[in-house]
Amino acid sequence: MFNKKGKTISDHLILFIPKSVYLAIAFLSVVFLLRLLIITNIDTSQTEAKVLTYRIYYSPNILTYIDSDTGRAYPGMIDLQKFQRLETSANDMDIRTMTYGAENRLIAAKLILKNLETNSEDIVFYNKDKYEYWEPRVLSTVEGGSGSVKSFTEQKYALIKNADKTQKGILKINVIIRK
């Protein structure tokens, strides 16, 4: 390469400058694309909210009606006695199927069961103290507190089993998760 006639080392260095600039641009663009495509922060709060919602809705130990004769659980059919029993016992949901520790600082939920035929509403809380503390922080207008928690609401149609009567209803679950 350096043996060609009429070319000195300085000529070769001058020709190498555009090549080195092109090489630097190509290297920096590859680094930029790699940094763009690699995810370092994964937000799982929506998945956590859905898992809690599905645990509440489908678990036979919490709300689902269980036929006493066959022992079969009916997902989508809510036993009203179980739902009302959750109001009186503070950690019944925590004991039966899901646990976030004795002092739960991660997740809270509000369950509203609306009977469409009688227009009555029953409300149950999971981790009520934290829910009431975090609920105002969900609003974007709160100074200093907005953005510290995320809220997810899911609404499911359900059948409400009350003794021998079956009625139509809606279960609305509002889950608040701390970031």
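Let us begin with V175, which touches A49, L52, T53, I107, A108, A109, K150, S151 and F152, residues up to four places away in sequence not being counted; contact here means heavy atoms within 4.5 Å. This is a predicted model, in which local features need pLDDT of at least 70, side-chain atom pairs count only at pLDDT 80 or more, and totals for chains, interfaces and linings use all residues. Residues are numbered from 1 along each chain as its sequence is written, and side-chain values use heavy atoms, with hydrogens and water left out.

V175 also belongs to the largest nonpolar core, which has 22 residues; V175, L63, F83, L111 and L171 have the most contacts inside it. A nonpolar core is a set of buried Ala, Val, Leu, Ile, Met, Phe, Trp, Tyr and Cys residues joined through side-chain atoms within 4.5 Å. Buried means under 20% relative accessible area, exposed over 50%, and partly exposed in between, with a 1.4 Å probe and protein chains only. At least two residues of this core come from each of α2 (45–58), α3 (80–88), β3 (107–115), β4 (121–126), β5 (149–162) and β6. Helices (H or I, at least four residues) and strands (E, at least two) are DSSP runs, numbered from the N terminus. A second, separate core of five residues includes A108, W134, V149 and I176.

I turn now to the sheet. Its six strands form an open sheet in the order β1-β2-β5-β6-β3-β4, with mixed pairing; two strands pair if DSSP finds at least two bridges between them. The edge strands, β1 (64–66) and β4, each pair on one side only. β3 and β4 run antiparallel and are joined by six bridges.

Which residues of α2 are buried? They are S45, A49, L52, T53, I56 and Y57. These residues lie on the same side of α2, because they cover an arc of only 125° around the axis, the arc being that of the directions from the helix axis to the C-beta atoms. In general, an α-helix has 3.6 residues a turn, so residues three or four places apart point the same way.

Finally, consider I170, found in strand β6 (residues 165–178). Is I170 buried or exposed? I170 is buried, because its relative accessible area is 14%. I170 and Q155 are 15 residues apart in sequence, yet 6.8 Å apart in space, C-alpha to C-alpha. Beyond its neighbours within four places in sequence, I170 is in contact with residues including I112, L116, Q155 and Y157.
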